[in-house]
Amino acid sequence: MHEDAEAILSDEQALCDRVIAHLVARPPSKPPPRIADDIALITLRDQVSVSRLEDIPALIAQMEQVAAIASQRGQGTDEPVDPKSPYFGHLRLAEEARGERDVLIGKTTYVEPKAGVRIVDWRHAPVSQLYYRYEEGAAYEEQFGDREVVGRVLTRRTVTIIDSELQRISSPQGTFVKRTDGRWRELQAHHTSLAGGQGTAVRPDHMRGVLGAASNSGNQREDRHLPEIAALLDPKQFEVISKPDSGVVVVQGGAGSGKTTIGVHRMAYLAYQSRTRFAAERMLVIVGTPALRDYIAQLLEALDLAQVKVATYEFWATELRKKNFDWIDLPFDDGTPVEVSRMKTDPALLPLFERRARGYVRDGRTTAQDALGLWAEVLTDRESLRRALLSVPNPRLNEDQLDRAWRHCSERCPAVAEWSRDDGALNAEGEAFEGADGVAEQDDDRAMLDIEDDALLLRAYQLVCGPLSTAPRGQPRRKMVRYEHLFVDEAQDLAAIDFCVLADVVSEQKSITLAGDTAQRLHLDTGFRSWTEVLTSLKLEHTSVEPLKIAYRCTREVLQVAREVLGPLVDPEEPIAPRTGAPVEFHPFPSQGAAAAFLGDVLRPLFAREPRATVAVLARYPEQADAYYDALRLAEVPHLRRVKNFDFAFKSGVEVTEIRQVKGLEYDYVILVDANASTYPAEDDARYQLHIGATRAAHQLWILTSGPPSPLLPRRLLDAEDD
């Protein structure tokens, strides 16, 4: 090990030992004042409840003052420093006013000048900006409040301290990791840099004016001008695209196998074969997320199919429900119990609706009110529900769960039906009219809908009234909803009832493409079990299931980790990954602050080398994404965007968001953050989330933890850190 390395190791070890010795030897800290604040707030609250009216304003003012003080204390200044992991960053500053001093960056603030210990909170202390914003050797000039600070960063290092032991040091001179035997080793440069992946991920502009996205090797051409469709797709993909224009085609394939590419190109192929029948306005695309909607819309525009309607199923179904049940202007319940969602998406409901519908069809005089009655009748008939849902093999609900779901519906359905009648939604002929004030009022807080009710109401309408319409009743030129081709992407996240509604808006030839991957399920309560079950529920003939074997997006290294994460849920048939790439890297850190500082150091130089690179920093929860975005913004990472509502830019830069938002998208580089045991426990939903996040990477994947690692991570990754 070189001389600089020895000096760095000695310096950091001595500092760590001194700080921990001081923290262990100091007197026990007093209980945080926050407890006293809480007691004071409770006391004042109790006083308000028994005080005279004229005394209440003064008491409330006291409560607001105590709450404000407690809020300030909650900014990390009063919590005790943990000696097992006191800090993660080390700055040695030389300032004109103060001379040379060490400042440590941690999760809370603790300053003891006599002992030479200065630990500041990375989230709130102004001096922490120097750690995130400046590199070692840089001069700085900052304004902290009313004080101007001028100096130079002599030393800037990131350290990992676990159980009071220094484990890792990252510095401009190198990254050093302690082995299990106590000796230090230096990591090679490629272990701490992202490189060589610019432009690997397919973007909509790659398709502009051509039919295709990737060559057989999975690599993009340098000039971005792709060859004709027959040359760039493998034989299996072209075979699926050119299937006959009638019947259902199911495209089953893993992440990056080209499912979306096949779906949009099959539409282009059909339009080329018959521009009259398969005109853009006669085709429909249903997707799982707004991000995928926007992405596919750009692909279709590049293929001269910009007029094709692309929508999420939830938006499409709600839009049609409001047109065909135009008087039901009710909110959705945000807290629908799981058992209710499972009951309302159970495939066993389909034949129950069909049998009951026969009693409503009479002389062509059925109305949407009859469809509403069918919906309410099916969901409130406990015995019929028990027979239909509990008699099937491996029922999705037990009797207690079904009973709770039935009670929920027994309160909601009559309230919705009664609300409709009380507000004069229909006249004697079943036509809509408005009340005296022109608006139907909701006077029963039980009159709410669950998000699953849109599909059930639409299916009831189809069974009782016939085809859905594109405009509210009473309007001229009401036109039935009818498409010549339907493409459903990420179909594994839809329920059987959703497929039935969609299939019924397609013409008699049933030209349908369903694309999906059972290993990428975001919603586990839709009742989707297998393609066979879905196709059976559709009652459609001439169906084919086309498995895609080749995974073009991900490298072998990424795909292997993604499959290992799935564990028992993995498809036993392993896909073919034609590309190899950089190894998947695991980087453990003691806190979010340390992990974010590491990312800032990596991402800044990346865009100096690769200005057109696309990077995703993916968290499971919004709060985690917010923390990393704030830290990376402080670190002045270029082209940084926080994506909160599927508002992706589809251009180069760093997008910080949650995994659920990136379904169907891909990036050159993917960094999974906070892959901790608390965030990804050993549960099926966590497996699917990690798998989806990992398979967004087209070139390189990093996995970061800020605590004990998830048990779902491959053991070999964790062990590699100790090698």
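Is C465 buried, exposed or partly exposed? C465 is partly exposed, at a relative accessible area of 25%. Buried stands for under 20% relative accessible area and exposed for over 50%, with partly exposed in between (1.4 Å probe, protein chains only).

1. **Basis.** This is a predicted model: local features need pLDDT of at least 70, side-chain atom pairs count only at pLDDT 80 or more, and totals for chains, interfaces and linings use all residues. Residues are numbered from 1 along each chain as its sequence is written, and side-chain values use heavy atoms, with hydrogens and water left out.

2. **Overall make-up.** The protein has 22 helices and 21 strands. Helices (H or I, at least four residues) and strands (E, at least two) are DSSP runs, numbered from the N terminus. Of its 723 residues, 54% count as buried. Contact means heavy atoms within 4.5 Å. Among contacts with a separation of 6 or more, 71% join residues 24 or more positions apart.

3. Six strands make an open sheet in the order 12-11-13-14-10-15, with parallel pairing. Two strands pair if DSSP finds at least two bridges between them. Strand 12 (309-312) and strand 15 are the edge strands, and each pairs on one side only. Neighbouring strands are turned by 15° against each other on average, direction ignored. Strand 13 (residues 483-488) runs parallel to strand 14, and five bridges join them. Opposite L486 stands I512 of strand 14.

4. **Helices on that sheet.** Helix 7 (residues 259-273) lies across strand 10, strand 11 (283-287), strand 13, strand 14 and strand 15. Helix 7 runs at about 165° to strand 13. Axes here are lines fitted to C-alpha atoms, for helices over the stretch in contact, and angles run from 0 to 180 degrees between N-to-C directions. Helix 8 (residues 290-302) also packs on the sheet and touches strand 11, strand 12 and strand 13. The direction of helix 8 makes about 165° with that of strand 12.

5. **Helix 17.** In helix 17 (residues 531-538), the buried residues are W531, V534, L535, S537 and L538. They cover an arc of only 160° around the axis, which puts them on the same side of helix 17. That arc is taken from the directions from the helix axis to the C-beta atoms. T532 and T536 are exposed on the other side. The buried residues pack against strand 10 (248-253), helix 11 (349-357), helix 16 (496-503), strand 14 (506-516) and strand 15 (544-548).

6. **Cores.** The largest nonpolar core has 73 residues, of which W316 and W375 touch the most other members. A nonpolar core is a set of buried Ala, Val, Leu, Ile, Met, Phe, Trp, Tyr and Cys residues joined through side-chain atoms within 4.5 Å. Helix 12 (residues 368-380) gives this core its largest share, eight residues. Not counting residues up to four places away in sequence, W316 touches L284, I286, K309, A311, Y483, V501, L502 and V505. A second, separate core of 63 residues includes V264, A577, Y680 and L690.

7. Strand 20 (residues 667-672) pairs with strand 21 (residues 697-705) in the parallel sense over five bridges. V670 stands opposite L701 of strand 21.

8. **Helix 20 and A625.** A625 is in helix 20. A625 counts as buried, at 0% relative accessibility. Leaving aside neighbours within four places in sequence, A625 contacts A619, R642, V656, T657 and E658. A625 and T657 are 32 residues apart in sequence, yet 5.6 Å apart in space, C-alpha to C-alpha.

9. **Cysteines.** The structure holds zero disulfides (pairs of cysteine sulfur atoms within 2.5 Å). C413 is in no disulfide, and the nearest cysteine sulfur, that of C409, is 4.9 Å away. C413 is buried, with a relative accessible area of 1%.
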